[in-house]
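Please walk through the structure below, taking its helix pairs, a sheet and the confidence scores in turn.

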Amino acid sequence: MAGDVAAVGLLWPSDGRNDREFWRWLPKNISLLVARYQVGGNLDLEQLERDGDLEVLTRAACLLHQARPDVIGLADCAAGIVGGATAELAKMQAIEDTTGIPVVSMSISLVKAILHLGARQVAVLSPYGADVSERLSLFLSGYGLEVVQSHVLSCGDEASIDAMTDADWLRFSRLADSTSAQALLVAGGGASLFPVVEEMEALLDKPVVCGPGALIWDALAQIGVADSRTGCGTLFRERATTKHHQLPFSLDPLLSSAMKTYVVSASPPVISGGAGSWLLDSRGRRYLDFACGSGTTNLGHNHPAIMDAVETQLNSGLAHVGPHFLSDEQVRLYRLLRQALPENLGRFHPATNGTEATETALKAAMHFTGKRRFLAFEGSYHGRTIGALAVSESKGRNRALGPLLPDTIFAPYGCPPDRLERMIDSAQPLAGIVVEPAQATRGMIFPAKGWLRKLANLAAAREIPLIADEVFTGLGRTGHLFSFMGEDFVPDLLVLGKAFGGGFPAGLVAGRDDIMTTWLPGTQSSTFQLHPVSAAAARASLEYTVTNEVPEMASRIARWISVHSAMLVDFPFVADIRGRGAMFGVEIADDAGAPDHDRSRAIRADALEHGLITWECGSSGHVIGIVPPLTISEREIAQGFDLLRKSFARVR
């Protein structure tokens, strides 16, 4: 070695802007020597073929030779790929013969790292164009590696790669990944990749190998100082930087006792990031998300379509304009909704969330009919503001606040049509009937097929507005874009929230033209109703959901859950497993068959401790809700149920 400190020499085609790509991967006490040579600077195929000129590389290597590094690395990954393995190996040999110093190449180092991991099937995230990426696949196949999926970024130059953010890398890694891939290969890498590689590994649950990390690992292996760990995301772990940190104080003294924060755990995780079906907390621990933000993040976390729309809106300079004006994204969303919904639901009123949308629908019905009483259903839940609570039979601890307005009569959910008809007639005069197509909060309860259509017919015959609360079931959750579409009826008023906002706070009422035009301007308004950023997220979410037939994904998830939940049925305290689409519940009961809230909470707490987030529901909090993103993979479903089974066994 050169003195007491090992030195890695790089032949690097740059102006020095990205030297930190390699510095960040170096462990302590390793020097980096760089000889730069002139290249075209673009990443198109023809330019890269010229960039690998052996004569230019040899002259640069002779300059390095004077400094006597212990190993020389060919740091131009793209040039090595397009030239092919045979040519790259020949260059390495020629430079070694000239300098007498061992030589490694980034393109070859990538392959060596993958093979060292024992991986044969890889997903590829390529910053290059389609033609260069195709050369990469050929390069890998020459070593017996199969590219099972890839995502091509088509960056025009190194600056474009370096400009990518953590969120960009996480988003693109999810798009590149495949359940069958044993590792993710990132061709090249850029300086911005280093801080997020370990986070990518946590989210994908597999190694991530990138060009700079692989080259440094290979170079140090040549001189006998490489760490034996690989994957290159975990290589030199002691040097890795991370955004995760322990909070310096307890939040407990700062929060209202009415919050849900400490319901499952005395020390709940503080969530700091996420992508796809996974969340990361402030300690760097990862969690598989089977709660979906209480049913809001239907497309998973950090979905590119939603994040791009939000970023575009933020960059427009428009923060908010209040309720007196419309934003571009609101108009685009309304037009898209008009295409997605039946003609009968062609008028819209925005809200900030699902509860406010419920209040809006109640007021619309009351203004339209001039009446003040509603019929709702036992087990129903429509929100926690006073009006929404009044039509919710599931009031919880807020029952002590009653009696509440508007006056509400509650009928058994799913009761026989003749009984339902008698209750409707005895409750008259009615301003409206409020119903959930599925009672999620009650524990994933669905009425018999056809019951909702009969309810709609009874309401229509009496000219009573039927309000369908699809705050939970909307946007594909049950296997249809909206749940009523699978039940052969159309409500008079449709309430949306949760997933409607794509993970951002948003609500909306869609309704009949005559109902939505009866009240006077200014009768119902709120300052932040359908904020422009939320409107952008909602528009992107709806557009992606419709274009990519996301509701069909919910139907596939239902089949996966049915298969993998079979591992739970033998536990004696499992009373039922039920659901539809991507909303299921596991009901927990004691030996007498009564709801077992304590065991349910203990199971959920144990699952959380071991990396699985679930949702609490059921009339007594005794049902474990399974509400995964509609973008989840079968492998992740299987992984989640394996975690749940182990929690069941520990709590037994």
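**Helix pairs, sheet and confidence**

Helix 9 (residues 166-176) and helix 10 pack with their axes 10 Å apart and at an angle of about 35 degrees. Helices (H or I, at least four residues) and strands (E, at least two) are DSSP runs, numbered from the N terminus. Axes are lines fitted to C-alpha atoms, for helices over the stretch in contact, and angles run from 0 to 180 degrees between N-to-C directions. This is a predicted model, in which local features need pLDDT of at least 70 and side-chain atom pairs count only at pLDDT 80 or more, while totals for chains, interfaces and linings use all residues. Residues are numbered from 1 along each chain as its sequence is written, and side-chain values use heavy atoms, with hydrogens and water left out.

The crossing of helix 9 and helix 10 is right-handed (the near helix is turned clockwise from the far one by less than a right angle). Trp169, Leu170, Ser173 and Arg174 of helix 9 meet Glu199, Met200, Leu203 and Leu204 of helix 10, where contact means heavy atoms within 4.5 Å. Helix 10 (residues 197-204) also holds Glu201. Glu201 is buried, with a relative accessible area of 11% (buried means under 20%, with a 1.4 Å probe and protein chains only). A polar atom of the Glu201 side chain lies 3.0 Å from the backbone nitrogen of Val208.

A second pair is formed by helix 21 (residues 550-564) and helix 23 (residues 634-651), packed at about 35 degrees with axes 10 Å apart. Helix 21 passes helix 23 in a right-handed crossing. Ile557, Trp560, Ile561 and His564 of helix 21 make the contact with Glu634, Ile637, Ala638 and Phe641 of helix 23.

Seven strands form an open sheet in the order 12-18-17-16-15-13-14, with mixed pairing; two strands pair if DSSP finds at least two bridges between them. Strand 12 (347-351) and strand 14 (407-411) are the edge strands, each pairing on one side only. On average, neighbouring strands of this sheet are turned by 20 degrees against each other, direction ignored. Helix 14 (residues 328-340) packs on the sheet, touching strand 12 and strand 18 (507-511), and its direction makes about 130 degrees with that of strand 12. Within the sheet, strand 15 (residues 432-435) and strand 16 (residues 466-469) pair in the parallel sense over three bridges, and Val434 stands opposite Ile467 in strand 16.

As for confidence, the protein averages a pLDDT of 87, and 90% of the residues score at least 70; pLDDT is the predictor's confidence in each residue, from 0 to 100.

Methods
Buried < 20%, exposed > 50% of the residue type's maximum accessible area, 1.4 Å probe, protein only. Polar contact = N/O pair within 3.5 Å; in protein donor to acceptor, adjacent residues only side chain to side chain.
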